[in-house]
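This report describes selected local features of one protein model, including contacts, salt bridges and backbone geometry.

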Amino acid sequence: MTDDKENSGDGPSKKALKKAQKAAEKAAKKAEHKAQNAPQLDAQDTSEEDCAVGHYGNLTMIRSQEKKPVTHIEIKDLNRSLANESVVLRARLHTSRGKGKQAFFVLRDRQYTVQCVIAVGEEVSKQMIKFVCNITKESLIDVKGKVAVAGQKVEACTVQDVEVHVTDVFVVSAALPRLPLQIEDAMRPDVDDPEGLQVKVNQDTRLDNRILDLRTPTNQAIFRLQAGVCHQFREALRAKGFIEIMCPKLISAASEGGANVFGMKYFEKEAFLAQSPQLYKQMAIASDFGKVFTIGPVFRAENSNTHRHLTEFVGLDLEMAFTHHYHEAMYAIGDMFTSIFRGLRDDHAVDIATVNKQFPSEPFKFLDPPLCLTFREGVQMLKEAGIEMDETEDLSTPNEKLLGRLVKAKYDTDFYILDKFPLAVRPFYTMPDPEDAKWSNSYDMFMRGEEILSGAQRIHDPDFLVERAKAHGIPIDTIQSYIDSFKFGCPPHAGGGIGLERVTMLYLGLDNIRKTSLFPRDPKRLTP
């Protein structure tokens with residue numbers, strides 16, 4: 001029998017006491033072992049006075065607690081004229097390495113980088129060096145220091161003639177220690193690596209972690225240039241008297257009576273996402289706006305998984321009334337492209353060079369005024385190159401690219417216009433050629449052998465529009481609102497639509513449109 005006294009009372013049993021004693025002894029031994037094997041620096045940290053207290057650490061979360069003068073400057077503004085001056089920078093920690101009693105690290109702000117040096121001294125302690133070396137890559141930090149002329153050119157940074165000798169470092173926002181991709185890997189030049197020695201980041205990894213991917217200097221340059229395309233588009237058209245309009249993206253019927261639309265429930269009715277702002281551009285012309293353009297999202301429910309197709313892209317669309325001939329509009333659009341290309345060449349040379357460093361390509365060439373060929377002339381060039389096709393047959397993608405190469409070889413231009421397409425391959429609202437109904441008053445424009453604009457004179461007479469719709473087998477009730485737009489008198493007009501991402505891709509000579517879409521949408525991708 002057991003002694004009841006052993007298990008009675010308020011205190012623990014002897015068995016529980018023995019178990020607790022063993023656990024305490026085990027913990028003590030573990031602590032002793034850890035202390036004996038701790039790094040020497042830790043021992044020094046606890047025994048030596050920290051002379052840098054207050055000059056490094058983690059900032060309290062910025063919640064707009066107080067207003068202060070902004071004293072920070074940008075990395076791009078660092079130069080020899082600031083030598084020996086104290087500066088404050090806010091940027092990301094790109095790379096760092098400790099070396100004895102000093103550390104070197106690189107700060108990155110967008111595409112600009114600068115080398116920083118910190119060394120143990122009167123105001124910098126070993127503890128501070130250790131803190132800096134333990135800051136995770138991609139953390140946002142504040143750095144204070146003196147600008148010094150570099151002993152030799154800092155080849156790895158964009159700021160090459162000066163560096164910053166650091167006195168203060170504070171972490172503003174820390175990144176996780178483990179990153180899904182390394183920025184240095186995402187920046188590697190796209191060159192042949194037959195032995196597989198260089199780590200490369202594949203496209204899905206980039207797009208799954210787009211926030212990190214977009215931080216590379218190349219991506220920063222791509223989207224600055226893309227913003228430049230929009231700016232040049234607006235400025236070129238405003239100079240020609242165009243007005244910018246905003247068009248609805250929710251519509252009650254499928255655009256152009258087509259099937260490649262995204263449907264949705266709109267309260268108790270059905271609605272669609274617009275495939276094109278064309279109806280509204282034309283309505284603006286009928287409303288006497290004269291010349292209009294718009295920039296906005298376009299949606300295409302096409303299950304096309306190619307290098308140049310997206311289900312949502314940014315459309316640059318324009319329409320204008322003309323007096324006598326649709327060429328008035330066609331050449332205005334051609335001149336607009338020339339203005340865009342000239343503006344990109346002159347204003348974005350650094351961005352173009354940055355992209356070419358990672359993704360090499362030939363400089364984009366264009367003529368002023370732009371080259372214009374008829375469809376029949378293009379087909380003849382293909383036939384002379386050995387392609388068998390009828391003169392009224394539409395261009396296939398391979399033939400488009402081949403014709404682009406032939407035009408480049410003969411005329412030394414990457415941009416050209418192809419006029420007078422066969423009527424049979426164009427939409428019902430395209431105006432037929434008045435001399436020969438086999439042809440149409442329509443045109444496409446190409447960059448590096450790929451179509452970037454499709455346009456035409458639109459039929460502005462409602463009765464003729466009904467006739468052409470019936471010829472295409474389109475039920476009139478599905479496009480009645482479109483036809484009604486022209487019943488109160490409408491000027492003859494023409495226009496076209498451009499894909500912003502495609503123009504950016506082809507101007508820079510990139511191989512995939514997903515590189516020029518901030519957050520791409522295709523049949524397989526709906527996030528992030």
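Leaving aside neighbours within four places in sequence, Asn 512 is in contact (heavy atoms within 4.5 Å) with Gln 203, His 307 and Met 505. The model is predicted: local features need pLDDT of at least 70, side-chain atom pairs count only at pLDDT 80 or more, and totals for chains, interfaces and linings use all residues. Residues are numbered from 1 along each chain as its sequence is written, and side-chain values use heavy atoms, with hydrogens and water left out.

Asn 512 lies in the segment after helix 15 (500-508); helices (H or I, at least four residues) and strands (E, at least two) are DSSP runs numbered from the N terminus. Its relative accessible area of 12% makes Asn 512 buried, where buried means under 20%, exposed over 50% and partly exposed in between (1.4 Å probe, protein chains only). The side chain of Asn 512 reaches the backbone nitrogen of Arg 514 at 2.9 Å.

Gly 499 belongs to strand 17 (residues 493-499) and is likewise buried, at 15% relative accessibility. Beyond its neighbours within four places in sequence, Gly 499 is in contact with Phe 313, Val 314 and Ile 452. The C-alpha atoms of Gly 499 and Pro 297 are separated by 9.7 Å, although the two residues are 202 apart along the chain.

Helix 9 (residues 327-347) has 21 residues and reaches 30 Å from its first C-alpha to its last, close to the 30 Å expected at 1.5 Å a residue; the expected span is 1.5 Å times one less than the number of residues. Among the buried residues of helix 9 are Met 330, Ile 333, Phe 337, Phe 341 and Leu 344.

Leu 250, Met 264, Tyr 266 and Phe 267 make a nonpolar surface patch of about 410 Å². Such patches consist of residues with over 30% relative accessible area and no salt bridge, nonpolar side chains (Val, Leu, Ile, Met, Phe, Trp, Tyr) being joined within 5 Å. Phe 267 is placed in the loop between strand 9 (263-266) and strand 10 (269-273) and counts as exposed at 66% relative accessibility.

**Backbone geometry**

A cis peptide bond joins Asp 368 and Pro 369, with omega about 0 degrees; another joins Thr 527 and Pro 528, with omega about -5 degrees. Pro 369 is in the loop between helix 10 (349-358) and strand 13 (371-374), whereas Pro 528 is in the segment after helix 15.

Arg 110, though not a glycine, has a positive phi of about 55 degrees. Arg 110 lies in the loop between strand 3 (102-109) and strand 4 (112-119) and is partly exposed, at 36%. Glu 138, also not a glycine, has a positive phi of about 75 degrees.

**Salt bridges**

A salt bridge is a side-chain nitrogen of Lys or Arg within 4 Å of a carboxyl oxygen of Asp or Glu; by this rule the count comes to 34.

| Pair | N to O distance |
|---|---|
| Glu 138 and Arg 108 | 2.8 Å |
| Arg 234 and Glu 244 | 3.0 Å |
| Lys 438 and Glu 391 | 3.1 Å |

By contrast, Arg 234 is partly exposed at 26% relative accessibility, as is Glu 244 at 22%.

Notes:
Patches are made of residues with over 30% relative accessible area and no salt bridge: like charges are joined within 9 Å, nonpolar side chains (Val, Leu, Ile, Met, Phe, Trp, Tyr) within 5 Å. Accessible areas come from the Shrake-Rupley method with a 1.4 Å probe; for residues, only the protein chains shown count as cover. A polar contact is a pair of N or O atoms within 3.5 Å; within protein, one must be able to donate a hydrogen and the other to accept it, and residues adjacent in sequence count only if both atoms are side-chain atoms.
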